[in-house]
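Hi there,

Here is the structure I promised to send over. Have a look at it first, and my notes follow below.

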Amino acid sequence: MAKPLVSHALWAVIEPLLSREPVKPKGGRPRVDDRAALAGILFVLRSGIPWKMLPFEIGRSGMTCWRRLRDWQAAGVWTRLHRILLERLADADKLNWNRAALDASSIAAKKGGAATGPNPTDLGKPGTKRHVVVDRTGTPLGLSLSGTNRHDSLMLAPTLDAVPPVRHGPGRPRRRPDKLHADKAYDQRRCCAECRRRSIVPRIARRGVDASKGPGRYRWVVERTLAWLNRFRRLTICHERREDIHLAFTTLGGAVICFNQCKQFC
C-alpha cells in the first residue's frame, strides 16, 4: 500500500496553522479539503509537474492547490511550520548553533519574473539564485532568493535575517549562530562587518588561500543541503514568475527536510 503524501504526523503539525473555512451563508460549492490541497502541493513540489496536470484524485484541482499555496504563503504558514520544526529539533538537542555555513546555488528561470536576472555563467539567460544558511549538521535555518546577476556577498545579511527566532528552554529565542563559514565569494569587509554586527564570528575563506587549509572542511554541509533541496524536482528549475510562489515552494522544501530530521532524531 502506497504511503500517503501527507502523513498523519505531518498533518498534525500543519493543521493547527491553517485558518478555518469561512462560513458561506449563501451556500455554494464545497471547499476542497485542506489536506487534499496540501497533498496536491507536495505532489507538485516533489514531481515537478505543471499544475494543470495534477491528478484529480490527489489534489482535486491544480488551480485550487495553487491558490491555497499562495494564500498560505501570505498567511505565513510555511514560515511558522519551519520555525516549529526547528524548535522540535532544538528541544531534542539536534540543532547545533556552534557553527553555521552559508552558500548559494543558481537555477534556470525560463519564464523570468521577480527575483530573476541574467545569469553570467549561462549566456545571460534568466535565472534565480537560492541562498541558504544551515547549522553545523546541515539543517536549513534560513533562506532567501535573488537574481543570478546579484553577487552572493550582497545577500549574506538578508539570508541571516531570514532565520526565524527559535525557542528552546528559558530565555530569549535564538536566531544567530556562534560562527559562520562561507566561501571566498563572501571575502568582503562588508560581510565580516555584517556578521559582527549580529554577534557572529565570521569564518570566511580568503581569496588566494587553499580551501583545504582553511574552513572548507566545515562548509560541505550546506552543499549537501542544497543537493537535498534539488531532490524536489519543482526546485531544480524556477517555473514561477511570482517570487512569493517560488519562495513558498523553497520554504516548504526546507520544512520537509526539517520534518524528516525530526522523524529520525525526535
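Let me start with helix α5, whose buried residues pack against α1 (8-14), α2, α4 (62-74), β4 and α9. Please keep in mind as you read that this is a predicted model.

Which residues of α5 are the buried ones? They are Val77, Trp78, Leu81, His82, Leu85, Leu86, Glu87, Leu89 and Ala90. If you like to trace a pattern along the helix, recall that an α-helix has 3.6 residues a turn, so residues three or four places apart point the same way. The helix itself covers residues 77-91, which is 15 residues. From its first C-alpha to its last, α5 reaches 21 Å, close to the 21 Å expected at 1.5 Å a residue. Just after α5 comes aspartate 93, with a positive phi of about 60°.

Next, the aromatic residues. The structure has 2 aromatic pairs. In one of them, the ring centres of tryptophan 51 and phenylalanine 249 are 5.8 Å apart and the planes meet at 20°, so this pair counts as stacked. Where do the two partners come from? Tryptophan 51 belongs to the loop between α2 (34-47) and α3 (56-59), while phenylalanine 249 is part of helix α9 (residues 243-265), so the pair ties together parts that are 198 residues apart in sequence. Both tryptophan 51 and phenylalanine 249 are buried.

Tryptophan 72 and tryptophan 78 also form an aromatic pair, this one edge-to-face, with 5.8 Å from centre to centre and 75° between the planes. Tryptophan 72 and tryptophan 78 are buried too.

Two arginines are worth a look alongside the rings. Arginine 99 lies over the face of tyrosine 218, 4.1 Å from the ring centre. The charged end of arginine 60 sits over the ring of phenylalanine 56, at 5.6 Å from its centre.

Finally, a word on aspartate 152, which you will find in the loop between β4 (140-147) and α6 (156-161). Is aspartate 152 buried or exposed? Its relative accessibility is 13%, and buried means under 20%, so aspartate 152 counts as buried. The side chain of aspartate 152 makes a polar contact of 2.8 Å with the side chain of lysine 129. Leaving aside neighbours within four places in sequence, aspartate 152 is in contact with Ala104, Lys129, His131, Ala185 and Tyr186.

Enjoy exploring it, and write back whenever you like.

Best wishes

Terms used. Residues are numbered from 1 along each chain as its sequence is written. This is a predicted model: local features need pLDDT of at least 70, side-chain atom pairs count only at pLDDT 80 or more; totals for chains, interfaces and linings use all residues. Side-chain values use heavy atoms; hydrogens and water are left out. Helices (H or I, at least four residues) and strands (E, at least two) are DSSP runs, numbered from the N terminus. Buried means under 20% relative accessible area, exposed over 50%, partly exposed in between (1.4 Å probe, protein chains only). A polar contact is a pair of N or O atoms within 3.5 Å; within protein, one must be able to donate a hydrogen and the other to accept it, and residues adjacent in sequence count only if both atoms are side-chain atoms. Contact means heavy atoms within 4.5 Å. Rings of Phe, Tyr and Trp (its six-membered ring) pair if their centres lie within 6.5 Å; planes under 30 degrees apart count as stacked, over 60 as edge-to-face and the rest as tilted. A charge sits over a ring if NZ of Lys or CZ of Arg is within 6 Å of the ring centre and within 35 degrees of the ring normal. The expected span of a helix is 1.5 Å times one less than its number of residues.
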